[in-house]
Amino acid sequence: MNVSDVCGPPCAAVLHGASVMLRPTEAADIPALAAIRRHPDVRRWWGGGDDLAAEVTDDHLDAETPTFAIVLDGTVAGMIQWHEETDPMYRHAGIDIFLDPAVRGRGLGTDAVRTLARHVIDAHGHHRLVIDPAAANTAAIRSYAKAGFRPVGVLRRYERSPDGSWHDGLLMDLLAEELS
């Protein structure tokens, strides 16, 4: 991973994976990211209200959850973000990601997760990371497992689906030395 343009909190580094570049989101990314979130294959897992541009803007402006545009060949292909628990007794970080369905199946999600995980471990000193996909999101679970995340357990009725029902989540974690 090549890290450049470090600007310090709340800003973040530009990160280079094997295929993708992760850079802090910009206001100009919001229409593209909202369009990706609107796609039924993304909205199924991420949900959202009537104004996805406002939701993406809120994510972009949230200093507690740094967001990165996933850039492939100069085009925004998704978003990845991380958050941290800073209580010394429970210190860890978590990652969330969505990717344009048009570029799925090429290992880009795994590359983005692996790249951000390496940054969170190396630059922010986290020893443990978590990710919590819907238990039925088998493609995401496979992607995260390729980066080294392991299933911990099912979180029953963990997340509200767009239709108002509840679905299970799968808690997965990764220790720094397990990152592949």
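**The largest pocket and its surroundings in a predicted model**

The largest pocket has a volume of about 910 Å³, and its lining is made up of 37 residues, of which Trp46, Ile97, Asn137, Ala140 and Tyr144 are the closest to its centre. The structure described here is a predicted model. Several elements each supply at least two residues of the lining, namely helix 2 (40-46), helix 3 (52-61), strand 6 (92-99), helix 4, strand 7 (128-131), helix 5 (138-147) and strand 8. Among the contributors, helix 5 provides the largest share, with 7 residues. When the lining of this pocket is divided by class, 18 residues are nonpolar, 8 are polar and 11 are charged.

Confidence in the prediction is expressed by a chain average pLDDT of 92, with 93% of the residues scoring at least 70. Over residues 1-11, however, pLDDT stays under 50, and for this stretch the model has 21 contacts beyond four places in sequence.

Helix 4, one of the elements that supply the pocket lining, spans residues 108-124 and includes leucine 116. Leucine 116 counts as buried because its relative accessibility is 0%, and residues under 20% are placed in that class. Apart from residues up to four places away in sequence, leucine 116 touches Leu15, Leu22, Phe68, Ile80, Gln81, Trp82 and Ile95.

The strands toward the end of the numbering are joined by antiparallel pairing. Strand 8 pairs with strand 9 (residues 166-175) in the antiparallel sense over 7 bridges. Within this pairing, arginine 150 has aspartate 173 of strand 9 as its bridge partner, and proline 151 stands opposite methionine 172 in strand 9. The hairpin formed by strand 8 and strand 9 has 5 residues between the strands, and in this hairpin glycine 164 takes a positive phi near 95 degrees. Strand 9 also pairs with strand 7, again in the antiparallel sense, over 4 bridges, and arginine 128 stands opposite leucine 175 in strand 9.

Backbone angles mark out two further residues. Most residues other than glycine have a negative phi. Aspartate 73, although it is not a glycine, has a positive phi of about 50 degrees, and this residue is found in the loop between strand 4 (67-72) and strand 5 (75-85). With a relative accessible area of 73%, aspartate 73 is exposed. Arginine 157 likewise has a positive phi, near 45 degrees, in a residue other than glycine, but its place is in strand 8 (residues 150-160). The relative accessible area of arginine 157 is 65%, and arginine 157 is therefore classed as exposed.

Conventions:
Residues are numbered from 1 along each chain as its sequence is written. This is a predicted model: local features need pLDDT of at least 70, side-chain atom pairs count only at pLDDT 80 or more; totals for chains, interfaces and linings use all residues. Side-chain values use heavy atoms; hydrogens and water are left out. Buried means under 20% relative accessible area, exposed over 50%, partly exposed in between (1.4 Å probe, protein chains only). Contact means heavy atoms within 4.5 Å. On a 1 Å grid over the protein atoms alone, a cavity is a set of points where a 1.4 Å probe fits but cannot get out, and a pocket is an open set with protein on both sides within 12 Å along at least five of seven lines; lining residues have an atom within 4 Å of a point. Grid points are joined across faces, edges and corners, and a volume is the space filled by probe spheres set on the points. Ala, Val, Leu, Ile, Met, Phe, Trp, Tyr, Cys and Pro count as nonpolar, Asp, Glu, Lys and Arg as charged, and the others, Gly among them, as polar. Two strands pair if DSSP finds at least two bridges between them. pLDDT is the predictor's confidence in each residue, from 0 to 100.
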